[in-house]
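Trainee: I have a new model open and would like to learn how to read it. Could we go through it together, starting with the ligand?

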Amino acid sequence: MAKNSGAVVRAGPNDGIGCLAVRTAGTAARVLVCVIAALSVRAAHAGTDPATDYLLHCAGCHQRDGSGLPRSGIPSMVGNVGHFLRSASGRAFLVQVPGTAHSPLSDAQVAALLNWMLARFSAAQLPRDAAPYTAAEVTRLRGIALRDLPAARRAIVAELAAQGIVVR
Ligand code: HEC
C-alpha cells in the first residue's frame with residue numbers, strides 16, 4: 001500500500017559523512033541524501049557564539065572593531081554604547097534598533113550578543129551594577145517597535161546628559 005514512501009536502502013559509514021540512498025517506490029527514482037555531520041555541527045556552533053554572530057550579522061556595518069562609520073550615520077560603539085545602560089529607554093534602545101531587532105538571531109542569541117558587545121567595546125562605560133540582558137528581556141523589548149529612532153536616541157542622549165554623561 002505505502003507506494004510513495006521512501007525506503008532507506010543503504011547507509012554510509014560512520015565517518016562524519018552519512019549518506020542515505022532512498023528509493024521512491026512509485027517512480028523508481030533514487031535520491032542520494034548526504035549529511036556532512038562535522039560541518040553541520042560546526043555551523044550550529046557558529047550560531048551560538050556571539051563573536052561569530054557579530055561578525056556575520058553586524059560587522060558589515062559596525063566594523064569588526066565596533067567603530068562604525070560615523071560619517072555615514074553608523075555610530076561608533078567603542079567607549080560609548082555602555083552608557084546606554086544607565087537609562088531604561090537606552091537599555092531598550094540597544095535591543096530595538098533595526099540591526100538588532102530585525103536580525104535573524106534568536107532572543108537568547110541577541111542577549112548573548114549584546115552582553116558580548118558591551119563588554120568588548122565599552123566595558124569602562126558600563127554601570128557597575130548593570131544586569132546582563134536575558135532572553136526573556138529581549139523577547140519583551142524586541143516586540144515593541146521604535147516609532148521614531150532619531151527622536152528616541154535624542155531623548156536618551158538628553159536624559160544621560162542630565163546625568164553628566166556625554167554620548168557621542
Ligand atoms: C545594514 C547596516 C547595519 C547592520 C547590518 C547592523 N546595524 Fe546596527 N546600526 C546601523 C545604523 C545605520 C545605526 C544608526 C541608527 C539607525 O539609523 O538605524 C545602527 C545603530 C545601532 C545601535 C545603536 C548605537 C547608537 O549609538 O545609537 C546598536 C546597539 C546596533 N546598531 C546594534 C547592531 C547589532 C547588534 C547588529 C547585528 C545583529 C547590527 N546593529 C547590525 C546599521 C546597521
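Mentor: Happy to! A residue is near a molecule if its C-beta atom, placed from the backbone, lies within 6 Å of it. Keep in mind that this is a predicted model.

Trainee: Which residues come nearest to the ligand here?

Mentor: There are 19 residues around the ligand, and those that come nearest are Cys58, Cys61, Pro75, Gly99 and Ser103. Two or more residues of this shell come from each of α3 (59-62), α5 (98-101) and α8 (149-162).

Trainee: How do the residues of the shell divide into nonpolar, polar and charged?

Mentor: The shell has 10 nonpolar residues, eight polar ones and one charged.

Trainee: Now the overall fold. In what order do the elements run from the N terminus on?

Mentor: The order is β-β-β-α-α-α-α-α-α-α-α, so to read it, count a run of DSSP helix or strand as one element. That gives three strands and eight helices. Of the protein's 168 residues, 17% count as buried.

Trainee: And what should I look for in a core?

Mentor: In general, nonpolar side chains tend to be buried together in soluble globular proteins. Here, the largest nonpolar core has 18 residues, and Val81, Val110, Ala111, Leu113, Leu114 and Met117 touch the most other members. At least two residues each come from α4 (88-96) and α6 (107-122), with α6 giving the most, eight residues.

Trainee: Which residues is leucine 114 in contact with, leaving aside its neighbours within four places in sequence?

Mentor: Beyond those neighbours, leucine 114 contacts Leu94 and Tyr133.

Terms used:
Residues are numbered from 1 along each chain as its sequence is written. This is a predicted model: local features need pLDDT of at least 70, side-chain atom pairs count only at pLDDT 80 or more; totals for chains, interfaces and linings use all residues. Helices (H or I, at least four residues) and strands (E, at least two) are DSSP runs, numbered from the N terminus. A residue is buried if 20 or more other C-beta atoms lie within 10 Å of its own, exposed if 12 or fewer, and partly exposed in between; C-beta atoms are placed from the backbone. Ala, Val, Leu, Ile, Met, Phe, Trp, Tyr, Cys and Pro count as nonpolar, Asp, Glu, Lys and Arg as charged, and the others, Gly among them, as polar. A nonpolar core is a set of buried Ala, Val, Leu, Ile, Met, Phe, Trp, Tyr and Cys residues joined through C-beta atoms within 7 Å. Two residues are in contact if their C-beta atoms, placed from the backbone, lie within 7 Å.
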